Amino acid sequence: MAHNFDELILTEIRKKDERALRELYRTHYPMVVHLICSNSGTEQEAKDIYQEAVIAFYEKAQLPHFTLTCKIKTYIYAVCRRLWLKRLWEKKKVNGNIPEAETFSGIDDEVSEIEEKENRFNKMGAALHALGEPCRSIIEDYYIRDLSMENISEKFGYTNAENAKNQKYKCLQRLKKLFFNNQQKGI
Amino acid sequence: MSSENEMFDKYLKDQLSADEVASFEERLKTDAAFRQRAEEHQILVKELKSFHERNRVRDVLNEAHQSIEKTRTLTVENTSGWRFWPMAAVAASVAMISIVGTVFYTRSLESKQTAYYKELRRNVDQIQQSQKLIMKDLEKAKKSALPGKYAGTGFLLSSAGYVATSYHVIKEADSIIIENEKFGRLRTTIVYGDPLNDISILKIEGELNLRSLPFAIAESEANLAEDVYTLGFPRNDVVFGEGSISALSGFRENPNAYQVSVPVNPGNSGGPLLNSKGDLIGMISGIQTQTAGAAFAIKSSVLLSSLADPALDSLTIPLILPKQNSLKTPSRVQQVKQWQDYVFMVRVY
């Protein structure tokens with residue numbers, strides 16, 4: 001039953017179905033709250049950790065050749081546990097010794113990958129924030145929402161598509177600088 | 001450079017023609033700097049996309065989280081509000097009943113308690129008074145004679161000097177001395193003991209020079225509600241007490257005793273119980289504790305049958321019981337005046 005549920009959730013999530021994602025989130029939330037709160041954490045911290053784990057799973061599920069090697073529950077639990085231990089370590093609360101109930105092979109790689117992704121995500125967030133408007137909207141419209149340059153020039157009041165293209169080019173160069181410089185600094 | 005960027009974008013969006021793609025890929029292989037720029041561009045665009053994807057997912061999750069918290073608060077409201085109201089009502093009524101019940105119960109308890117305390121205080125007062133009196137008596141007694149270990153009452157059974165008293169008064173006796181106003185102190189010996197009926201007979205050493213005793217010992221049972229009185233020595237002076245026969249059986253329905261409503265105290269044991277004519281109908285033996293006004297007296301018929309014991313037949317001086325009542329006065333004062341000569345305080349050493 002549980003495994004069927006996992007398979008169902010996975011197929012729906014691969015279709016980027018939001019309902020499946022919500023269902024998944026709702027199913028395992030209590031477990032993680034219990035895990036974090038019984039190990040000197042708050043519910044807010046539990047929420048952060050849990051969302052990170054779910055996003056990691058979601059992104060993993062989007063990879064073309066992804067297959068489930070363990071239960072989703074096990075994946076979430078193991079990832080949350082590792083992430084939380086790391087947080088405790090950062091908070092200098094070394095007493096965090098959470099017994100390992102369930103885990104899966106490759107958890108170490110998984111966690112470092114998750115952290116790297118999280119890191120890049122934060123970098124991009126910071127870079128986009130530093131980029132400011134209207135650059136950010138132009139970039140997002142072009143790359144994310146796939147608007148044509150004509151639409152963009154119209155939307156932002158440029159005289160023609162060529163002007164908009166120039167503006168977009170400048171913005172992209174700035175973003176490139178911000179993102180990669182930050183990343184280098186970070187590394 | 002702007003055109004180069006445009007080409008990257010077009011390549012990523014699959015907007016290049018086959019020839020353009022071929023030349024583009026050819027350039028990637030040959031021009032390292034161009035390749036690096038292309039890769040950077042690709043990474044940036046990919047990161048941008050994943051950033052937005054992640055934000056979208058995060059929004060979805062936050063939404064899901066809010067729905068969790070909403071349902072939780074809803075269930076909390078449910079539990080506190082209406083779901084358990086019958087249980088809450090039961091609990092409230094139970095609490096109500098127990099509170100009211102406790103109030104009533106403790107109130108009644110309180111009144112009982114105060115009554116009990118009042119009585120107790122009166123008792124304590126009495127005890128203190130009698131203690132003071134006893135102290136005075138003891139001081140007086142010290143001047144005349146040792147008080148003895150125990151004290152009781154006895155009365156003369158025959159002019160030959162036989163005295164009846166309770167067995168429990170003399171049972172641990174070394175020596176027994178009896179005294180009253182007329183005869184003073186007299187030494188006695190025990191001639192007979194009946195622990196079962198709590199009767200014993202003492203013999204006064206020496207002659208008394210008495211004519212026959214002026215009372216009779218009743219052979220038949222007394223009647224219920226008959227007026228009775230007693231003389232005894234609960235203190236160093238003879239004490240008169242009167243009452244009536246309240247039951248024809250004694251402690252625990254003992255058929256050998258009467259229950260009498262005569263005020264008696266320790267020291268009254270062995271005292272004669274007399275009827276209105278002054279005849280002996282019993283002998284005071286004890287009281288029931290925690291019951292007001294319940295004293296017990298051995299029946300005279302039991303005394304008589306006990307005295308028929310063969311041990312008393314072989315006495316050198318025969319025990320001749322008085323048979324004729326010669327008091328001949330209905331006045332209790334006159335009866336007592338004569339009777340008190342034959343009642344003794346029994347001191348046990």
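So, the barrel in chain B: six strands close up in the order β1-β2-β5-β4-β3-β12, with antiparallel pairing. Strands here are DSSP E runs of at least two residues, helices are H or I runs of at least four, and both are numbered from the N terminus; two strands pair if DSSP finds at least two bridges between them. From one strand to the next the twist averages 40°, with axes being lines fitted to C-alpha atoms and angles running from 0 to 180 degrees between N-to-C directions.

Quick caveat: this is a predicted model, where local features need pLDDT of at least 70, side-chain atom pairs count only at pLDDT 80 or more, and totals for chains, interfaces and linings use all residues. Residues are numbered from 1 along each chain as written, with chains lettered from A and ligands numbered from 1 in written order.

β1 (residues 150-158) and β2 (residues 162-165) of chain B pair antiparallel over four bridges, and B:Phe155 sits opposite B:Ala164 in β2(B).

Now, how many residues of chain A are in contact with chain B? It's 25, against 18 residues of chain B, contact meaning C-beta atoms, placed from the backbone, within 7 Å. On the chain A side, α2, α3, α5, α6 and α8 each supply at least two residues, and α8(A) has the largest share, seven.

Confidence, then. Chain B has a mean pLDDT of 80, with 86% of its residues at 70 or more; pLDDT is the predictor's confidence per residue, from 0 to 100. For the complex, the predictor gives an ipTM of 0.76 and a pTM of 0.44.

Terms used:
Two residues are in contact if their C-beta atoms, placed from the backbone, lie within 7 Å.
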